[in-house]
Amino acid sequence: MSAVSHRLPVTAVVLVVSAINLAACGSPSSPSSQPTAGASVQTTLRIGYLGNLTHAPALIGLDQGYWAAALGPKVTIQPQTFNAGGDEVTAFLGGALDAAFMGPGPATNAFVKSGAVRVVAGATSGGAGLVLKGVPFGSAADLKGKLLATPQLANTQDIALRAYLLDHGLHTDAQGGGDVRITSPASNSVALSLFKQGAIQGAWEPEPWVTRMVVEGGGTEVVNEASLWPNGQFATTLLVVSTDFLSKHPDVVKNLIKGHLATLDWIQANGAQASSVAAADLLSLTNSSLTPAEEATAWSHLSFTADPEATSIKTSAANSVRVGLVTNANVNGIVDIRILNQLLKNLGRPVLSAGGLGSA
């Protein structure tokens, strides 16, 4: 959790939308030096997200038009959906994405490899854990010799599982060997099918897949990841932008963050409706619906915040080294929330901390 953590209050959306015309942030090197009201030339914003409830701010921001309202007519939004954060990293490194919602693991990977991204805001905290089926669980030692799944090698949940196992004396490797074998099926829906069939004994997943494995797969959540973090707060989903796009289009990034704040406010003020909107969006993306009970349970495990929870980013990066996935995870400079904090000041809200990982 970052040194200073503030949850967005339930605030009328009009406050955020009206802030579009307030004093603006400028370039990444000087956030207040270049006042702009929006993109001055026609610009395309290619933005990625995943089909998970943990990406509800992306689903809702797009669906409810908050991004479009904040970005204005000169910005064409080009949304792209991905199976896991590592696929977004590949898109970033190939120059095919300008912004994305992703977990700390992939964000760290992209930053360490090339400095390609910056974290400009938080989005979601919580909503991940370990579900088992047919495995008596008294302690982590009971996981030895078992086959578990994660969404993708080196993604946020994969790092979390490996770190949890290592903390309990169980070793893993990137090839699927070690004391506990870890596999990454083609998609979360495939992991759910394998879980139902008994082909895997468990999985460390984000919502709604944790809840679906419990309800549909007959599993038991034995580790709620929130229990492993101070005050239960940790970054599950972040808003990141291409370093190059941030440098060239700070006005577009500023307005994207405005739309993001408006989305978070609406979620806070309309919890049940927000949950239903996100679930409907998931249905259109995955052709798989949640029951009302699944939706309510999964949603209750999530909180939505602009705070990047920078300390948890640093911990996740250190864990990726500790479990042998990477040799270097220096994330100093990955966070740039100057634009975010300027907007929060404009709204009379407390500023947030970069946790020593960049600029605030």
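Visitor: Does glutamate 309 count as buried or exposed?
Guide: The relative accessibility of glutamate 309 is 0%. Buried means under 20% relative accessible area, exposed means over 50%, and partly exposed lies in between, using a 1.4 Å probe and protein chains only. Glutamate 309 therefore counts as buried.

Visitor: What kind of model is this?
Guide: Residues are numbered from 1 along each chain as its sequence is written, and side-chain values use heavy atoms, with hydrogens and water left out. Local features need pLDDT of at least 70, side-chain atom pairs count only at pLDDT 80 or more, and totals for chains, interfaces and linings use all residues, in what is a predicted model.

Visitor: In which loop is glutamate 309 placed?
Guide: Helices (H or I, at least four residues) and strands (E, at least two) are DSSP runs, numbered from the N terminus. Glutamate 309, which has a positive phi of about 50° although it is not a glycine, is placed in the loop between strand 11 (302-304) and helix 13 (310-322).

Visitor: What is the order of the strands in the open sheet?
Guide: Two strands pair if DSSP finds at least two bridges between them. Strand 7 (181-183) and strand 9 (220-224) each have a single partner strand and stand at the edges, so one side of each is left without a neighbour in the sheet. The twist averages 25° from one strand to the next. The pairing of the five strands is mixed, and their order is 7-6-8-5-9.

Visitor: Which residue of strand 8 is the bridge partner of leucine 130?
Guide: Strand 5 (residues 128-132) runs antiparallel to strand 8 (residues 202-206), and five bridges pair them. Within strand 8, glycine 202 stands opposite leucine 132, while the bridge partner of leucine 130 is tryptophan 204.

Visitor: Which residue stands opposite alanine 203 in strand 8?
Guide: Strand 6 and strand 8 run parallel and are joined by two bridges. Opposite alanine 203 stands alanine 149.

Visitor: How many of the five residues of strand 8 are buried?
Guide: From strand 8, Gly202, Trp204 and Pro206 point one way, Ala203 and Glu205 point the other way, and all are buried. Strand 8 is thus largely enclosed by the rest of the structure, because the number of its residues that are buried is five of the five.

Visitor: What is the relation of the axis of helix 4 to that of helix 5?
Guide: Axes are lines fitted to C-alpha atoms, for helices over the stretch in contact, and angles run from 0 to 180 degrees between N-to-C directions. Angles under 35 degrees count as roughly parallel, over 145 as roughly antiparallel, 65 to 115 as roughly perpendicular and the rest as oblique. The axes of helix 4 (residues 85-93) and helix 5 (residues 104-114) come within 9 Å and cross at roughly 30°. That makes the two helices roughly parallel.
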